[in-house]
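Dear colleague,

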Amino acid sequence: MSSFELLQPASLDEALQMLSAPGFAGRPASGSTALSLMRRAGILNVDSLVSLEGLRQSLAQIRLSPEGEAQIDGFVTLGEMEHHAGLLASHPVLARVFTTLANPRVRNVAMIGGYLSHGDPHMDLPPLLSALDARVTVRSLRGSRDIPVEQLYRGYYETALQADELIVGLVLPAQPTCASYKKITTRARHDWPTLGIAAAFEAAGSRLDRVRLFIGAATDRPTRLARTEALLAGQAWSAELGRRAADTAVSEAQLIPDSHGSTEYKQALLRAFLPDVFEEALQTAKPATRLA
Ligand SMILES: Cc1cc2nc3c(=O)[nH]c(=O)nc-3n(C[C@H](O)[C@H](O)[C@H](O)COP(=O)(O)OP(=O)(O)OC[C@H]3O[C@@H](n4cnc5c(N)ncnc54)[C@H](O)[C@@H]3O)c2cc1C
């Protein structure tokens with residue numbers, strides 16, 4: 001592994017100035033859980049890293065609005081999100097995801113900004129956050145902009161971020177009545193997923209409304225299944241509707257084979273597990289509107 005200079009800014013402005021300095025060819029570092037693996041494997045060689053650890057003093061808060069929106073600073077760790085009682089109450093779907101996302105050692109240091117910037121298509125949260133219509137706030141010396149999570153990824157490890165930009169926050173709108181994420185692994189439960197399926201929707205009686213459906217891991221970025229959403233919208237949930245939705249999803253999704261499985265295998269997983277995602281979302285619906 002080549003040596004590198006570690007820069008340690010004490011403020012966001014200082015960090016942004018370092019990233020935009022002429023000729024700067026380093027990377028920002030949050031928890032470094034992904035960076036250190038990529039450096040050790042020799043796929044990332046940089047002469048400097050800008051540690052964002054010092055920014056946690058001022059930018060590591062989780063704020064909840066009375067309407068149920070959550071604003072999460074970019075330097076909050078995944079572990080802090082996992083154990084934040086208010087966030088888990090407003091967004092209970094998150095509690096079920098963290099238990100199988102990596103391991104406690106990774107979650108305790110990885111920060112949500114670093115996590116979302118990584119762009120590995122196998123990550124668990126991007127399809128779920130896309131289904132929840134979340135957005136990230138991005139800062140550079142040039143200003144601030146919001147990017148919906150569903151538009152953050154451009155392909156394998158490619159994001160819409162510029163080299164001088166940092167993710168400084170995540171905004172999670174109030175969780176809809178029903179939301180679920182299914183992580184399907186071929187080995188241990190907490191392994192990287194072979195396929196991830198995320199759905200969020202409102203349920204009026206047994207009718208599904210405002211359905212948002214995304215898959216991950218079997219595609220090069222979180223991918224919305226719009227035709228399947230349209231099939232489900234306004235319909236009463238039933239096992240037959242679940243089968244039709246699964247068939248539509250399989251015909252709509254362009255699934256990519258990798259070391260976790262072939263396209264045909266992933267199609268079989270999508271067909272088998274898509275109805276379960278809707279069943280679980282209905283069964284865990286927020287109490288005030290739980291279906292009869
Ligand atoms: C053993 C292991 C198992 C894992 N299993 C899973 C899993 O099952 N599911 C899953 O979803 N993930 C999994 N992960 C991925 C893990 O979640 C990521 O490694 C981690 O979240 C990255 O966060 P970090 O803070 O350590 O980022 P870093 O490693 O610090 O940075 C990652 C990338 O983002 C850039 N960056 C850092 N911070 C910012 C910022 N604020 N703004 C812009 N760019 C930034 C860096 O330059 C780098 O390119 C696993 C990782 C490991 C090591």
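Please note at the outset that this is a predicted model.

I begin with Thr137, which lies in strand β6, covering residues 135-140. Its relative accessibility is 18%, and because buried means under 20%, Thr137 counts as buried. Strand β6 runs antiparallel to strand β7 (residues 143-148), and 6 bridges join the two. Together β6 and β7 make a hairpin, with 2 residues between them. Within this pairing, Thr137 stands opposite Asp146 of β7. Beyond its neighbours within four places in sequence, Thr137 has contacts that include Ser144, Arg145 and Asp146, as well as Leu166, Ile167 and Val168.

A second residue to look at is Phe201, placed in strand β12 (residues 195-204). Phe201 counts as buried, since its relative accessibility is 0%. Leaving out residues up to four places away in sequence, Phe201 touches, among others, Pro176, Leu208, Val211, Phe278 and Leu282. From Gly26, Phe201 is 175 residues away in sequence and 41 Å away in space, C-alpha to C-alpha.

With a relative accessible area of 44%, Tyr157 is partly exposed.

Finally, I turn to charged residues. Side chains of opposite charge can pair when their charged atoms come close. How many salt bridges does the count come to? The count comes to 18 salt bridges.

- Asp191 pairs with Arg187, with the closest N and O atoms 3.0 Å apart; Asp191 is buried at 17% relative accessible area, whereas Arg187 is exposed at 56% relative accessibility.
- Arg221 pairs with Asp220, the closest N and O atoms again being 3.0 Å apart; Arg221 is partly exposed at 30%, and Asp220 is partly exposed at 22%.
- Glu229 pairs with Arg224, with the closest N and O atoms 2.9 Å apart; Glu229 is buried at 8%, while Arg224 is partly exposed at 33%.

Glu229 and Arg224 also belong to a network of salt bridges that links them with Asp133, Glu150 and Arg212.

Yours sincerely,
A colleague

Key:
Residues are numbered from 1 along each chain as its sequence is written. This is a predicted model: local features need pLDDT of at least 70, side-chain atom pairs count only at pLDDT 80 or more; totals for chains, interfaces and linings use all residues. Side-chain values use heavy atoms; hydrogens and water are left out. Helices (H or I, at least four residues) and strands (E, at least two) are DSSP runs, numbered from the N terminus. Buried means under 20% relative accessible area, exposed over 50%, partly exposed in between (1.4 Å probe, protein chains only). Contact means heavy atoms within 4.5 Å. Two strands pair if DSSP finds at least two bridges between them. A salt bridge is a side-chain nitrogen of Lys or Arg within 4 Å of a carboxyl oxygen of Asp or Glu.
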